[in-house]
Amino acid sequence: GTSDPYVKFKLNGKTLYKSKVVYKNLNPVWDETVVLPVQTLDQKLWIKVYDRDLTSSDFMGSAFVALTELELNRTTEQVLKLEDPNSLEDDMGVIVLNLSLAVKQGDFKRNVSGLGNQIYSWNVWVSCCQLAFQSSFMRSVRLSDSLREKQLWNGLVTITLLEGKNISGGGLAEIFILLKLGDQRYKSKTLCKSANPQWREQFDFHYFSDRKDMLDIEVWRKDNKKHEELLGMCQVDVTALPTKQTHCLELPLEKHPGSLLMLIAVAPCTGVSISDLCVCPLGDPSERQRISQRYCIKNSFRDIKDIGFLQVKVLKAVDLLAADFAGKSDPFCVLELGNDSLQTHTVYKNLNPEWNKVFTFPIKDIHDVLEVTVFDEDGDKPPDFLGKVAIPLLSIRNGKQSCYTLKNKDLERASKGVIYLELDVLFNPVKASIRTFKPREKRFTEENRKFSKKILSRNVDRVKKITMAIWNTIQFLRSCFLWESTVKSVIAFVVFVVTVWSVELYMVPLALLVLFAYNFSLVKTGKVNNTQDAQASKELMGLDEDEDEDDKESEKKGLIDRIHMVQEIIIAVQSILEEIASFGERIKNTFNWTVPFLSVLACLVLAAATVVLYFIPLRYIVLIWGINKFTKKLRNPYAIDNNELLDFLSRVPSDVQ
C-alpha cells in the first residue's frame with residue numbers, strides 16, 4: 001500500500017535532473033533545490049513522478065510548467081495536479097514546487113543572425129518544497145537508511161512441502177506448486193498425476209517483519225501439450241505465526257477439492273548488514289573475535305545451520321563501460337550469494353565509481369559462489385548490464401584487496417573494466433562438511449532454458465571425452481587379454497591373480513585413497529594443471545557471430561508447433577548430456593584436487609570407510625544400512641529423501657563451471 005517515489009525534470013525530452021527516492025511514502029517530502037539552465041522560455045518544464053523498483057520504475061503521473069508564465073526574480077509556489085492519460089485513477093495526487101526565474105550572470109550573448117535579437121541564458125531555480133539545499137554529490141554517495149531497511153531481511157521462512165491430499169486434476173496431467181512471498185517465487189518439481197502427490201521439498205524465503213506479505217500457494221496442472229492451468233490456491237499469513245516454532249498445516253484449496261500438507265517455520269536471521277567502511281564488523285577486533293569464536297571447532301554442533309560469515313568490501317570500479325550517450329554511466333553493484341541479494345547505492349555520471357560499502361551475509365553453504373554484478377541505472381527502464389564476477393567462497397583469501405576483471409553475463413569472456421573487492425570468510429569446517437552431504441538450496445524461479453547450438457555442441461564434446469576415456473580403458477584391458485604385448489599382459493595377469501586372491505572389501509576405499517594421494521603428488525609437483533580442462537572448456541565455448549545469428553533464426557522458426565516440439569526434445573537431450581558430462585567431470589575433479597576442501601573431505605570419508613570395513617563384517621554394515629532405511633520414515637515422518645553421494649558431487653564444479 002505504499003510507493004517509493006522520485007521526480008524527473010525534463011526539457012525537450014531530455015532529463016536535466018532526477019531527485020532522490022523517498023521510500024515507503026505516499027506523501028513524500030524531498031527538500032531539494034536544483035538549478036536548471038534554459039536557453040529559451042518558449043518551452044515547457046515537465047515534472048514526471050515515478051515509483052522506484054530495483055529493476056524498473058512505474059510511472060505515477062506528470063505535470064508541466066510553461067516557462068513564459070514565470071516572473072523574473074520572483075519565487076512562486078506551484079501546486080501541480082499529476083495526470084496520466086493511461087491510468088483509470090481520477091486523482092493521481094499533486095506535487096508542490098517553488099520556482100524562480102533568473103538571468104544567468106555573466107552569460108550574455110548577442111545573436112549575429114539577420115534578426116539581431118538578444119538571446120539570454122536563463123536559470124530556473126526549482127525547490128521541491130522549500131527547505132535546505134543538499135549537495136548532489138553527498139546524495140549520490142550516501143546510502144539512505146530507508147534503502148538499507150528495504151533490502152535487509154531479519155528472518156527466514158522455511159517451508160517444507162510434503163504432499164497433496166485428494167487433488168484431482170483429471171486425465172494424465174502433471175502437477176506442480178508455485179509458492180510466492182512478496183517478489184520471491186519458488187516452483188516445486190513436477191509430479192505425474194496422482195490424487196496424493198508426494199513432493200518432500202524444502203524452500204527458504206526471506207522474511208521482512210515490517211511487511212505484511214501473504215504466502216500465496218498455487219496448484220497448477222500441465223497436460224501433454226504443455227498447456228498450464230491453475231487448479232486451486234490458498235494463502236498463509238506468515239506474520240500471524242509464532243517464531244522459532246515449526247507448524248504443521250493442512251491447507252484446503254480455494255475453489256477446488258483437496259488440500260496441501262506442509263511444515264512452516266519462521267526463525268530470526270542475523271548476519272545481514274550494510275555499512276560504511278569506518279564501521280565494518282570485522283574491523284573491530286572484539287567483534288572479529290566474537291564472530292570467530294562462534295565458528296570455532298568446539299561450537300561445531302551448536303546451531304548446525306549457521307555455517308559461517310561473509311564480509312564483502314565493495315571499494316571501487318575502474319574504466320567501466322559507458323552506457324549513456326554522454327559517455328558516462330550511473331553504476332551500482334548487486335551482490336548475490338545463493339538467493340541472498342544486496343545492492344549498493346548509485347554513483348551518477350561516473351566511469352570510475354567509489355562505493356566504499358561493507359556487506360555481510362550469513363553463509364548457508366560453503367560451496368556457494370558470490371556473484372557481484374555491475375549495472376547502469378537507467379531511470380524508468382531496466383538497468384543495463386556492465387559486467388560481472390563470480391567468486392567461490394572457498395577461493396577467498398581473507399583480508400586481501402583483490403582486483404577482478406569484469407566478465408560478460410555468461411562469464412565466458414572479459415568485459416570492460418575492473419572492480420576492487422576485499423573479502424573475508426569465517427566458517428566452521430565441521431558444519432560445512434555436514435552441509436555438503438545435504439541437498440543444495442533451491443534457487444528462486446528462473447526463466448526456462450532455451451535451445452542453444454553452442455551448448456548442445458559443447459555437451460556432446462564433453463560426453464565424447466568421457467566416453468573416449470572409458471573406451472580407452474576397455475581397449476587396454478582387451479589388449480592385455482589378447483597378449484598384444486607379452487610384458488604388459490604378464491604384469492596384468494599377476495596383478496589380477498594377486499588382487500582377486502587377497503582382496504578384502506576394506507581395500508576398495510583404500511585403493512581410492514591411494515589414487516587421491518597419487519594425484520595430489522602430481523598436483524604438488526606441477527605435472528598436472530587443473531586449468532587445462534577449464535581452458536579446453538573455454539575453447540568449446542568460443543562462438544562467432546554467425547552461429548549466434550543461426551540461433552536467433554532457429555528461435556524464429558520455433559514459432560511453428562512441430563519445430564517447437566522438436567526443440568523441446570533437443571533441449572531435453574541437451575540437458576541430459578550436460579548432466580552426464582558434469583557427473584563424469586565432477587568425479588574426475590574430486591580425485592584431481594580441484595577443490596581441496598572437498599578432496600580432503602572425501603579422503604576422510606574413505607579413511608573412515610576403510611577402518612569400518614576392516615573391523616566390521618560386511619553383513620553387519622548392510623544390516624545397519626537396511627534398518628536405517630526401513631525405519632527412517634517411522635523415526636521422522638516428514639524427512640526429506642536425499643542421496644549423500646550425489647549431494648556431495650553437486651558441490652564439485654564441472655570443467656565448465
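I count a residue as buried when its relative accessible area is under 20%. Tyr6 has 1%, so I put Tyr6 down as buried. The model I am reading is a predicted one.

**Entry: the chain overall**

The chain has 13 helices and 25 strands. Of its 657 residues, 41% are buried. I then looked at contacts between residues at least 6 apart in sequence. Of these, 65% join residues at least 24 apart.

**Entry: aromatic pairs**

I searched the whole structure for ring pairs and got 16 aromatic pairs. I went to Tyr6 and Tyr50. Their ring centres are 5.7 Å apart and the planes meet at 25 degrees, so I logged the pair as stacked. Tyr6 belongs to strand β1 (residues 5-11) and Tyr50 to strand β4 (residues 44-52), so the pair ties together parts that are 44 residues apart in sequence. Tyr50 has a relative accessibility of 4%, so Tyr50 is buried.

Next I took Tyr614 and Phe615. Here the centres are 5.0 Å apart and the planes stand at 85 degrees, so this pair is edge-to-face. Is Phe615 buried or exposed? Phe615 is exposed, at 62% relative accessible area.

I also noted a cluster. Ring pairs link Phe516, Phe520, Phe591 and Trp593.

**Entry: charges over rings**

I checked two charged side chains. The charged end of Arg211 sits over the ring of Phe208, 3.8 Å from the ring centre. The charged end of Lys316 sits over the ring of Tyr420, and there the distance to the centre is 5.0 Å.

**Entry: nonpolar cores**

Which members of the largest nonpolar core touch the most other members? They are Leu310 and Ile419, in a core of 50 residues. Helix α11 (residues 596-615) gives this core its largest share, six residues. Domain 3 (273-436) and domain 4 (456-524 + 560-650) each supply at least three residues to this core.

I listed the contacts of Leu310, leaving out neighbours within four places in sequence. Among them are Leu337, Phe359, Phe361, Ile363, Leu370, Leu393 and Ile396. Thr360, Asp424 and Val425 are also in contact with Leu310.

There is a second, separate core of 28 residues. Its members include Leu191, Trp199, Phe205 and Leu253.

**Entry: annotated spans**

I compared each span with the model. Residues 490-518 are 86% helix and 0% strand, with the end C-alpha atoms 24 Å apart. Residues 595-616 are 91% helix and 0% strand, and their end C-alpha atoms lie 31 Å apart.

**Entry: positive phi**

Most residues other than glycine have a negative phi. Arg200 has a positive phi of about 55 degrees and is not a glycine. Arg200 lies in strand β12 (residues 198-207). Its relative accessible area is 14%, so Arg200 is buried.

Trp593 has a phi near 60 degrees, again positive in a residue other than glycine. Where is Trp593 placed? Trp593 is in the loop between α10 (561-591) and α11. Trp593 has a relative accessible area of 13%, so Trp593 is buried too. Trp593 also belongs to the ring cluster with Phe516, Phe520 and Phe591.

I looked up Gly387 in strand β23 (residues 381-392). Its relative accessibility is 0%, so Gly387 counts as buried. Gly387 and Asn408 are 21 residues apart in sequence, and their C-alpha atoms are 5.6 Å apart. Not counting residues up to four places away in sequence, Gly387 touches Val372, Thr373, Val374, Leu406 and Lys407.

Then I turned to Gln78 in strand β6 (residues 76-81). At 22% relative accessibility, Gln78 is partly exposed. Asn98 is 20 residues away from Gln78 along the chain, and the C-alpha atoms of the two are separated by 6.2 Å. Which residues does Gln78 contact, leaving aside neighbours within four places in sequence? I noted Leu70, Ile95, Val96, Leu97 and Leu99.

Methods. Residues are numbered from 1 along each chain as its sequence is written. This is a predicted model: local features need pLDDT of at least 70, side-chain atom pairs count only at pLDDT 80 or more; totals for chains, interfaces and linings use all residues. Side-chain values use heavy atoms; hydrogens and water are left out. Rings of Phe, Tyr and Trp (its six-membered ring) pair if their centres lie within 6.5 Å; planes under 30 degrees apart count as stacked, over 60 as edge-to-face and the rest as tilted. Helices (H or I, at least four residues) and strands (E, at least two) are DSSP runs, numbered from the N terminus. Buried means under 20% relative accessible area, exposed over 50%, partly exposed in between (1.4 Å probe, protein chains only). A charge sits over a ring if NZ of Lys or CZ of Arg is within 6 Å of the ring centre and within 35 degrees of the ring normal. A nonpolar core is a set of buried Ala, Val, Leu, Ile, Met, Phe, Trp, Tyr and Cys residues joined through side-chain atoms within 4.5 Å. Domain bounds come from an automatic or database domain assignment. Contact means heavy atoms within 4.5 Å.
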